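Q: I would like to go through this structure with you, one topic at a time. Please keep the answers plain.

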Amino acid sequence: MSVLDVAKPAFMAEEDIAIFEDAVGKFFDEHAPENVVATWRKNHCVDRAMWNKAGEAGLLGLSTPEEYGGSGGDYRHEVVLMEQLGKKGVDGFGASLHNAIVMPYIFHYGTEEQKQRWLPRLSTGELVGAIAMTEPGAGSDLQGVKTSAKKVGNQYVVNGSKTFITNGQTANLIIVVAKTDPAGGARGTSLVVVETDGAEGFERGRNLDKLGHEAQDTSELFFNDVKIPTENLLGTEEGQGFFQLMAQLPQERLNIAVQGMATIERALELTIAYVKERQAFGKPIIAFQNTQFVLAECKTEATVAKVFVNHCIERHLKGDLDASTASMAKYWVTDLENKIVDRCLQLFGGYGFMNEYPIARMYKDSRVQRIYGGTNEIMKLLIARTL
């Protein structure tokens, strides 16, 4: 039961969705309890076996059709997974990127042969997916990437470096944003798929030391004359990469908003429980007017955000979520996430600063939400273009 007084919208209230939600929660209770997640944080990587377990449980490829090895669900199932990851505190498991970013690129733009070759193996966890966009010199400006994929005979030769890549130490199928025509601008960008197992010239760099998300293997990747067959070009023609990216970014940004909402709800739930138990000056912290006002403000703002996110999910399910509205959701919710988690941490006092308390980890993990998927400043730029 959420701490927010927001009824589930009709599209999320169906019985099969409720059954699935319960199953996902139980899966994480069994396979990702707090002590296991703590080990992931210590190792700075989720155990590879977790991906196979998730595949066996049908949690990979949720919105991928059954004919390609997926579960045949839709975006609602991805939302449930993202919400449960947040509410259960399953830090670092990059299943939502694998499911709701990497696999849709292959499903929407891949050839029939590519879909048959990759999607079933991604659904079982045999392959773990990543997408390599960001470079040391190119972040939100995707047209500025320098990584190249030069066609030589029946192969592409890939050269370049990527950084901040989620699932970077684990992934063995990586969609790489590369220049197939360095002089072609946006039309010179393509997406190529690198299967890393046995790929000569492919190197994983550092598992990056980050402010938060300690359990996530966010990495540098290096491509040194990596040869891949020409049939690993995603789609049927070069030069479509930038447009493929632009078409899929609204879902990625909505994903971030959904994840932000899950964090907000968990932060409020933990904080309300804490202030009811913690005593100060002979009475529970909840008895103080300041505590009541802070939480009243947080709950109000969170409720407004939840209604908006539900609206965006409904539009996306109907196929009419535009880039501007997705940008609004991403920027607004992640700004609010940081604000609410900060205010909740303050109510924990000194304990809120201790890493053993989830609120401290949520505080750290929330900060990057305003950066990845396109910075919030870029989101405002995209919104402004519609004025």
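Q: To begin, is Cys312 buried or exposed?
A: The model is a predicted one, and in this model Cys312 is buried, because its relative accessibility is 0%.

Q: And Cys344, buried or exposed?
A: Cys344 counts as buried, with a relative accessibility of 1%.

Q: Let us turn to helix packing. At what angle do helix 9 and helix 10 pack?
A: Helix 9, residues 323–347, packs against helix 10, residues 358–366, at an angle of about 155 degrees. Their axes lie 9 Å apart. That angle makes helix 9 roughly antiparallel to helix 10, because angles over 145 degrees are classed in this way.

Q: Which residues make that contact?
A: Helix 9 contributes Glu337, Asn338, Val341, Asp342, Cys344 and Leu345. From helix 10 come Ile359, Ala360, Met362, Tyr363 and Ser366. By class, the contact of helix 9 with helix 10 has 7 nonpolar, 2 polar and 2 charged residues.

Q: What about helix 1 and helix 3: how many Å apart are their axes?
A: The axes of helix 1, residues 15–31, and helix 3 are 12 Å apart, and the packing angle is about 150 degrees. Helix 1 and helix 3 are therefore roughly antiparallel to each other. Their crossing is right-handed.

Q: Which residues meet there?
A: Phe27, Phe28 and His31 in helix 1 meet Met50, Lys53 and Ala54 in helix 3. By class, the contact of helix 1 with helix 3 has 4 nonpolar, 1 polar and 1 charged residues.

Q: Changing topic to the backbone: what is the phi of His44?
A: Phi of His44 is near 60 degrees, which is a positive value in a residue other than glycine. For context, most residues other than glycine have a negative phi. His44 sits in the loop between helix 2 (34–43) and helix 3 (48–56). With a relative accessible area of 36%, His44 is partly exposed.

Q: Where is Asn167, and what is its phi?
A: Asn167 is in the loop between strand 3 (155–165) and strand 4 (173–179). Its phi is near 70 degrees, again a positive value in a residue other than glycine. Asn167 is buried, because its relative accessible area is 1% and the limit for that class is under 20%.

Q: One last residue. Where is Thr218, and is it buried or exposed?
A: Thr218 lies in the loop between strand 6 (202–207) and strand 7 (219–229). At 9% relative accessibility, Thr218 counts as buried.

Q: What does Thr218 touch?
A: Leaving aside residues up to four places away in sequence, Thr218 touches Phe164, Ile165, Thr166, Arg206, Asn207, Leu208 and Lys210.

Q: And how many Å separate the C-alpha atoms of Thr218 and Asp91?
A: Those C-alpha atoms are separated by 13 Å, with Thr218 and Asp91 lying 127 residues apart along the chain.

Methods. Residues are numbered from 1 along each chain as its sequence is written. This is a predicted model: local features need pLDDT of at least 70, side-chain atom pairs count only at pLDDT 80 or more; totals for chains, interfaces and linings use all residues. Side-chain values use heavy atoms; hydrogens and water are left out. Axes are lines fitted to C-alpha atoms, for helices over the stretch in contact, and angles run from 0 to 180 degrees between N-to-C directions. Helices (H or I, at least four residues) and strands (E, at least two) are DSSP runs, numbered from the N terminus. Angles under 35 degrees count as roughly parallel, over 145 as roughly antiparallel, 65 to 115 as roughly perpendicular and the rest as oblique. Contact means heavy atoms within 4.5 Å. Ala, Val, Leu, Ile, Met, Phe, Trp, Tyr, Cys and Pro count as nonpolar, Asp, Glu, Lys and Arg as charged, and the others, Gly among them, as polar. Buried means under 20% relative accessible area, exposed over 50%, partly exposed in between (1.4 Å probe, protein chains only). A crossing is left-handed if the near helix is turned anticlockwise from the far one by less than a right angle, and right-handed if clockwise.
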